[in-house]
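Please view the structure below before reading on.

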Amino acid sequence: MKLTKLQLTGLGLIVICGALSQWTAAKESQTLVWILAIGAVMGVAFVVSDYFSRK
């Protein structure tokens with residue numbers, strides 16, 4: 001299965017937001033935690049929406 005550009009963007013968002021939340025001081029700031037969480041959710045939405053739009 002070949003990943004599309006939208007799926008790769010979503011996967012990148014998930015990985016980057018997850019990595020930033022784990023390996024930085026993001027846990028200290030509640031606002032930054034929410035921003036990273038929203039970014040990860042947007043990444044999941046990109047992947048899922050593209051997956052279902054192709055079927």
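Predicted model: local features only at pLDDT ≥ 70, side-chain atom pairs only at ≥ 80, totals over all residues.

Two packed helices are described by the angle between their axes and the distance between the axes. Helix α1 covers residues 5–23 and helix α2 covers residues 30–53. Their axes come within 8 Å and cross at roughly 155°. Angles over 145 degrees count as roughly antiparallel, so α1 and α2 are roughly antiparallel to each other. The crossing of α1 past α2 is left-handed.

On the α1 side, the residues that make the contact include Leu 6, Gln 7, Leu 13, Ile 14 and Leu 20. On the α2 side, among them are Leu 36, Met 42, Phe 46, Val 47 and Asp 50. By type, the residues of this contact divide into 13 nonpolar, seven polar and one charged.

## Asp 50

Asp 50 is in helix α2. This residue has a relative accessible area of 11% and is buried, because buried means under 20%.

The side chain of Asp 50 makes a polar contact with the side chain of Thr 4, at 2.5 Å. Beyond its neighbours within four places in sequence, Asp 50 is in contact with Thr 4, Leu 6 and Gln 7.

## Leu 20

Leu 20 belongs to helix α1. Its relative accessibility is 38%, which counts as partly exposed.

Not counting residues up to four places away in sequence, Leu 20 touches Ala 26 and Leu 36. Leu 20 and Leu 32 are twelve residues apart in sequence, and their C-alpha atoms are 9.9 Å apart in space.

Note on methods
Residues numbered from 1 in each chain as written. Heavy atoms only, no water. Axes fitted to C-alpha atoms, helices over the stretch in contact; angles between N-to-C directions. Helix = DSSP H or I, 4+ residues; strand = E, 2+ residues; numbered from the N terminus. Parallel < 35°, antiparallel > 145°, perpendicular 65-115°, else oblique. Left-handed = near helix turned anticlockwise from the far one by under 90°. Contact = heavy atoms within 4.5 Å. Nonpolar A, V, L, I, M, F, W, Y, C, P; charged D, E, K, R; others polar. Buried < 20%, exposed > 50% of the residue type's maximum accessible area, 1.4 Å probe, protein only. Polar contact = N/O pair within 3.5 Å; in protein donor to acceptor, adjacent residues only side chain to side chain.
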